Structures are given as structure tokens and as C-alpha cells.
Amino acid sequence: MNWSLWLPFRALSGWQARDLNGDLIAGVTLAAIAIPEQMATARLGGFAPELGFFAFVAGSVAFALFGANRHLSAGADSTITPLFAGGLAMLAASGSPHYLALAAMLALMVGLILTLSGILRLGWVADLLSVPVTTGFLAGIAVHIIVSQMPGLLGLPSESGETLRRIGEIAGSLHLTNPWSLGLGLGVFAIVLGADHISPRIPGALIGMVLATLAVAVFGLKDRGVEVLGALPNGLPHAGLPLAGLDDVQALVPLALLIAIVVMVQTAATSRSFAPQGGTPDVNRDFVGVGAGSIASSLFGAFAVNASPPRTAIASQSGGRSQFSSLIAAAIILALGAFGGGLLADVPQAALAGVLMFVAQHILRWKVFASVYRQAPVEFALILITMAAIVVLPIETGVAVGIGLSLLHGIWSATRTLPIELEQVPGTSVWWPPAKPSTGEQLPGVLVAAFQAPLSFVNADRFKRGFCDLVDAGKGDVKLVVLEASNIVEIDYTAAQALIETITHCRNAGAIFAIARMESVRGQAALARFGIIDLVGPQRIFHSVDAAIRALHPAQPENQESAP
């Protein structure tokens, strides 16, 4: 491994003084967006708002040190916060010292998993969740956010427990709604929604929060039952290793793995979406950067961080040239946390609920819902099942169900593959899957068949049975069988044995067996490793179907050979 590639501040390499203006504007804009968002996300997880500030600072500084993407913003994130909050609530009372200690330890574990994944170049793990499963997962998270914020929006006492029970309790308390809280929350939601519609760079959340705070102070809404945040303690965070017992660590392992996978998926998507123009995203390096952010966050008693697509878009669209913009935003937020806690005393809880309501509707991918419903009804069922699992089951169990569904769907898709007989496009040397109506041609005594998937244990038996059925359908007239292998990128041991049995069956039926267009280097290596090249004969491995037929067509006198 070339360790020079892992030196710190790669995301700042090439920075010049002329970039300062763009980074300064982007940093201020990013801070304006992040201040209310980080406070709201911390409250969503049952933490003091200042811990959201510390998580953002830790994530931003650590990613600037160890990440690669020039715009990616790491910090508290509403996608993973309901995940670990739900999991931690099963181990400790929300907001208790034990809860905070577990959250810090969980952040450390998630950070270590991400960092090791990046160093070991496990970026492929980010592809474990399909788009429909990810869409269902985010929809379920959105429901959790909405349910958790409804009491704050309506001015009702906060609820805890299972989601469905909380919905019932909120419905039964609607007659106690505080109209002032509801008005403030909906007003902030409308401002954020409108600002986002005009331009994502407008800090609608900050504008809404400031106006709501002024309304509380001017109209004395605290006396009308509007709950406010209260002054935050001023001061810098104190560093220290998170403390948790061995039993707690063992209990956190499954949750840490699930959250790490979700963070990897979101980080990879963000890194690829905001890759440098003409460049290649370094997903593994970005895993290290976000992982380091969670480790740093744990040392300050905060919680796991994640890459944020919306904040990353803000940093990019506001003219940011490097991670220096994130460092500027982190400095502003750190100063607010250290010296400006009193400025936040009259922020209404309903305003933070309005911000999170906007986040919830923002992560609901309505266009993907509609597109999948129209084009892939089976995969639309995956969206609904994943969403229901996240809402009804314990949230970490729902995530595990979603990951399992994604993997099972991929395996199921591979197992459905069957060999198909190809036809020759008239007047050409091209062999193609048959069209409807069929316009292709067949050569007497020749069977050209393709298998359009990697050959593995999940589809080996279907390959063998399907191929043998095609040969047997010829009733002894097939004299040459050509496997068109351009789509076979890999062959495992079980599949190799099935291929050997297929070759033997063809020979017993009196046909010569040849392989054409095995383009995959891994596939070629597998043919050699399992002895299939020697079995078939090197002279019967061809670069094209046409070459195989010209060399082995039984109708040509020079090719009148019997199958070995």
C-alpha cells in the first residue's frame, strides 16, 4: 500500500489564496444552514443541542484532515440519528448519563469500522443496498422523524416507545394542541420550504428560527405555553475516551455495523455525486474521513456523524473550492457553542420541529416512488416492505431487514437467469437474442447459446439444466454447441462443476463444445484454474462466435470431426 496517499489534508491540496473568497462565502452559508439543522438533529436523538455543534465541528475538522472530497460536509445527520437513538433507547433511558456514554462509545465503534473499511478498500460494501430498498429505508426514517417531532410541533408532551403506539397517543391528545406552537412550527416549515424552492443556498432554516425566536420574545409566547430551548451552556467541549463496560460494547456491535453500512452507502453516494470534474471519487479515502469524524466526535462526548448530501450541495453551489469552507463553518459554530449559548434561550422547540419536518419530507423520494411503481412493480414492493419494517419493527431490526431484502433481491435476480439460444442477424456475423417477431437465422446443426449473468452457485443448476434442455431439444441433430460467454464475468467452484457436466452432456449427445467471447479476465482465469480449457481444448476457445463456426461448422468437410 502506498501510504503517501493517506497523508492528511489531501482535500486541501492545491489550495491557493485566490480560493479564499469562494471558501469564505461557502463557509458562512454552510454555517447558516448547519446551525439550526445540527441543533434539531441533536434534539431528534435525545441530546443537548450543543452536542450537535460539537459533532459538526469534529466531523468537519476530521474530514478536512483525512477525507478526499473537496466539498463533502460531515456532521450530525437526520438519516442515522433515529437509528442509533432507537437502538440506544433499548439499552438506556434517553438523555441519561448512561445513554450519552453509550452514544459516544457507539460513535467510536462506527468510526473505527468506517476507517478500517476505507483502509482495506471496502467501498463495494456501499452497493449492498439497492435504490428501492434505500428509498424504503429513507421513507421509514422520515416517518420516524415526523412522529418524533409531532409533539414539539403541536406543543404536546413528548412521547416515547413504539412508533405505532406513539401515533395513537398523539392522535388522542390532539385536542390539547397549542395553536401558538403549531403556528410557529408550520411557519418555520413554510419558510424553509419556500427558501429551498427559490434557492438551496438561502438559509431558510436560520431565517425561520430567528423569526420564531423574535416572535417568542416580542409576543411573550412563553407565557402562552410555548416551550423554548433555554440558554445553552457556554464553553468548549472536553476531550476524553468514551467509557462503557464490556457488556455494553458487545450489545452495541450489531447496531454499530448497521449504522456503519448506512453511513458507507450515504458517504459513497455523496462522494460520487460531488466528485471533481473529470476526476474519480476516492470513496475509500472518504470513508476514512467520515470515520475519523465519528471517532473525534466520540472523544468530545457526542455521537456518530455522517456525510450530508444537502450540506455538501450547499458547499459546492456556494462557490466553495476546498474543505477550507467546512473549516470556516466549523469555526463559526464552535464560537457560537463556546460564547453564544444565551442567544439561543428563546428558540422555540416548535421551530426545531419545523426544520425537521422539512428534512423528513426532503428525504422522501417521491419521484423514485412513482418511477419504481411504473417501471418495476416487484421492486416497488421492496420499498413498501422496507418502509413498513423500519416503522413497525425496532428500527435497527428494520434496517437489517432492508439489507437482507436488498441482498436477497440481488440473489433472486441472478437465479432467474437461463441460457438463451441466439440467432444470427441476417447478412452479418452477429449473433443476437431472438426478437419478436423473430427475424434471425439458425445454422443447421449449430446451437449458439448465451448466459447473461456471472456463473455462481446460485444459478449453476439452472444453467446446466437450461443448457442441456436446449441441446436435447435438437434430438441429436446438434453437432456444434457454442457458449457465447461475453456476460460471464466470474465462475465459482460450484458453477465450474456444472459447466463441466454440461460439456460432458453435449459430448455424450454427439456435439462439439466451444466457448466464444470469454472477455472477462477473471472468467478466463477460472477456465484455466478449473481445468475447463484443457477439457474443451485451447483450439476451441474463440474470440467470436463467427470464428468458432467457421472453424468447427460440421457442414464443412475440413471440420468433419467427431466429438471427443
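## Sheet, helix and loop residues

Strands S7 and S8 run parallel and are joined by 5 bridges. The model in which they occur is predicted. Within this pairing, leucine 483 stands opposite isoleucine 515 of S8. The sheet as a whole is open and consists of 5 strands in the order S3-S6-S7-S8-S9, with mixed pairing. Its edges are strand S3 (420-421) and strand S9 (541-542), each of which pairs on one side only. In general, the strands of a sheet pair through backbone hydrogen bonds, in either a parallel or an antiparallel manner.

Helix H18 comprises 16 residues, 493-508. From its first C-alpha to its last, H18 reaches 23 Å, close to the 22 Å expected at 1.5 Å a residue. At the start of the helix, a side-chain oxygen of aspartate 492 comes to within 3.3 Å of the backbone nitrogen of threonine 494. After H18 comes glycine 510, which has a positive phi near 85 degrees.

Which residues of H18 are buried? They are Ala495, Ala496, Ala498, Leu499, Thr502, Ile503, Cys506 and Arg507. The partners against which the buried residues of H18 pack include strand S7 (480-484) and strand S8 (512-516); helix H17 (460-473), helix H19 (521-529) and helix H20 (532-536) are also packed against.

| Residue | Relative accessible area | Class |
|---|---|---|
| Histidine 71 | 16% | buried |
| Threonine 177 | 23% | partly exposed |

Histidine 71 is classed as buried because its relative accessible area of 16% is under the 20% cut-off. This residue is located in the loop between helix H2 (49-66) and strand S1 (74-75). Not counting residues up to four places away in sequence, histidine 71 touches Phe274, Thr312, Ala315, Ser316, Gly320, Arg321 and Gln323.

Threonine 177 occupies the loop between helix H6 (163-172) and helix H7 (179-198). A polar atom of the threonine 177 side chain lies 2.7 Å from the backbone oxygen of leucine 174. When neighbours within four places in sequence are left aside, threonine 177 is in contact with Leu154, Leu156 and Leu182. By contrast, leucine 106, which is 71 residues from threonine 177 along the chain, has its C-alpha atom 36 Å from that of threonine 177.

Methods. Residues are numbered from 1 along each chain as its sequence is written. This is a predicted model: local features need pLDDT of at least 70, side-chain atom pairs count only at pLDDT 80 or more; totals for chains, interfaces and linings use all residues. Side-chain values use heavy atoms; hydrogens and water are left out. Helices (H or I, at least four residues) and strands (E, at least two) are DSSP runs, numbered from the N terminus. Buried means under 20% relative accessible area, exposed over 50%, partly exposed in between (1.4 Å probe, protein chains only). Contact means heavy atoms within 4.5 Å. A polar contact is a pair of N or O atoms within 3.5 Å; within protein, one must be able to donate a hydrogen and the other to accept it, and residues adjacent in sequence count only if both atoms are side-chain atoms. The expected span of a helix is 1.5 Å times one less than its number of residues. Two strands pair if DSSP finds at least two bridges between them.
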